[in-house]
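Please look through the sequence and the model below before reading on. The numbered points that follow are meant to be checked against them, one at a time.

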Amino acid sequence: MTADRIGNQFYVDGDNLDKEALARKHRLENDPAQRTDPMQYMEGMERISSDIMERVLARMDSYDYDTYTDTDVRRALLHETCTVDDFQALLSPAALPYLEEMAAKAKYETSRHFGNTVYLFTPLYLANYCENYCVYCGFNCYNDISRKKLSIEEIEREMQVIADSGMEEILLLTGESRKMSDVAYIGEACRLAAKYFRSVGLEIYPLNSDEYAYLHKCGADYVTVFQETYDIAQYEKLHLLGHKRVFPYRFEAQERAILGGMRAVACSALLGLSDFRKDALASALHVYELQRKYPHVEYSLSCPRLRPIIHNDKIHPQDVHETQLCQVLCAYRIFLPYVGITVSSREQKHFRDGIVKIAATKVSAGVSTGIGDHESKYHGKNEAETGDEQFEISDSRSFAQMYQDIAKEGLQPVLNDYIYVS
């Protein structure tokens, strides 16, 4: 067996973990005393003065969705402005019989604030090295996958392929390894992306505000960070090792990005890891509180559900079916009418085609979650030279096909919604 050791982690390059790595993995999984405190900041992590996390978690912890009734839901739907309590009613099981009414109200709000537009983007995975052990993620440091980090030349070739398709917005992603994908490397990728695309987003490991400022100067426009779950007890059980284990540092990432000058940020939970109604509530409240504190920033919500990963066929969304997901998205739109909502290729074609008519404003297209896959798909690059994917996608439509399908529905595909004026 051979393995690349990065810091204290092992990246498997054979069939099995060696004895040392396997023993540590077993200890982390079975003995909580072997894990660090998830609320304790690690060395080098910036602390900011903010009470947003405290307010969001307090509201989430006190949320008892089973106490809401038909009367509460009807009252919420009648209100012109949706309060936090109204939003909680719309997320409750009592609201499911009113899904058609919720959809109609959500569609009205979407049309009022976004017209009939749907924005398109695509992700580009730069590397799949990761120093975290998150039990649900295909990139986790103990998973036996093909690891790869794109060179600067390979990044540019991937971007050329994507730009040639007509795409104007790109989201750059990495595994969470500062050693293998440091800030300087990501900055070079941002500079390249700014040559080919009008808008550049980042979905990387959380950074300090000065690092976000540096990447913003390199060309990054916005930052997406998934909290995964806002349930601290569940978060501790799922994130066993690495910087991602530190819950508050991850929670405050969007705020540090704003302090670093990013024009837009996105929040999300990975629905299915814990109680999806509480996670949905916390995700929206996270945006709500940030919006009140920083009204000049553009905000969006994502709504990913858990997907299967390589070497683990037992990972599936927990009781988050399409009906419940539709309820969450409609509730988001009614509560936060000005906020963008992104639906990723994790969801199937029929769901994405339907929800863009109601609540969603942004979808991905031409998606690959592997490393170096765009060139291999379009120019026949040897698949052995690519890195394994993070998770399985459900909607594999190309950019051209997605554009056509959106237009056929009478909607307007939009490739860029922001212009810098120098």
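**Notes on the model**

1. Leaving aside residues up to four places away in sequence, Lys107 touches Lys357 and Ile358, where contact means heavy atoms within 4.5 Å. Lys107 belongs to helix α5; helices (H or I, at least four residues) and strands (E, at least two) are DSSP runs, numbered from the N terminus. With a relative accessibility of 48%, Lys107 counts as partly exposed, given that buried means under 20% relative accessible area, exposed over 50%, and partly exposed in between (1.4 Å probe, protein chains only). The C-alpha atom of Lys107 is separated by 8.2 Å from that of Cys330, although the two residues are 223 apart along the chain.

2. This is a predicted model, in which local features need pLDDT of at least 70 and side-chain atom pairs count only at pLDDT 80 or more, while totals for chains, interfaces and linings use all residues. Residues are numbered from 1 along each chain as its sequence is written, and side-chain values use heavy atoms, with hydrogens and water left out.

3. For the chain as a whole, the secondary structure comes to 16 helices and 13 strands, and 61% of the 422 residues count as buried. Among contacts between residues at least 6 apart in sequence, 74% join residues at least 24 apart.

4. How many of the residues of α4 are buried? The count is 7 of the 8, so α4 is largely enclosed by the rest of the structure. The buried residues are Val84, Asp86, Phe87, Gln88, Ala89, Leu90 and Leu91, and they pack against α2 (52–61), α3 (70–78), α5 (99–114), α12 and α13 (322–335).

5. One partner of helix α4 (residues 84–91) is helix α12 (residues 276–293), and the two pack at an angle of about 150° with their axes 10 Å apart. Axes here are lines fitted to C-alpha atoms, for helices over the stretch in contact, and angles run from 0 to 180 degrees between N-to-C directions. The helices α4 and α12 are therefore roughly antiparallel to each other, since angles under 35 degrees count as roughly parallel, over 145 as roughly antiparallel, 65 to 115 as roughly perpendicular and the rest as oblique. On the α4 side the contact is made by Val84, Phe87, Gln88 and Leu91, and on the α12 side by Arg277, Ala280, Leu281, Ala284, Leu285 and Tyr288.

6. The axes of α3 and α4 come within 9 Å and cross at roughly 125°, and these two helices are therefore oblique to each other. In this pair, Asp72, Val73, Ala76 and Leu77 of α3 meet Asp86, Ala89 and Leu90 of α4.

7. The structure holds 0 disulfides, a disulfide being a pair of cysteine sulfur atoms within 2.5 Å. Cys141 is in no disulfide, and the nearest cysteine sulfur, that of Cys130, is 6.8 Å away; at 0% relative accessibility, Cys141 counts as buried. Cys326 is likewise in no disulfide, with the nearest cysteine sulfur, that of Cys330, 4.1 Å away, and Cys326 is buried, with a relative accessible area of 13%.

8. Glu228 lies in strand β7 (residues 222–228) and is buried, with a relative accessible area of 6%.
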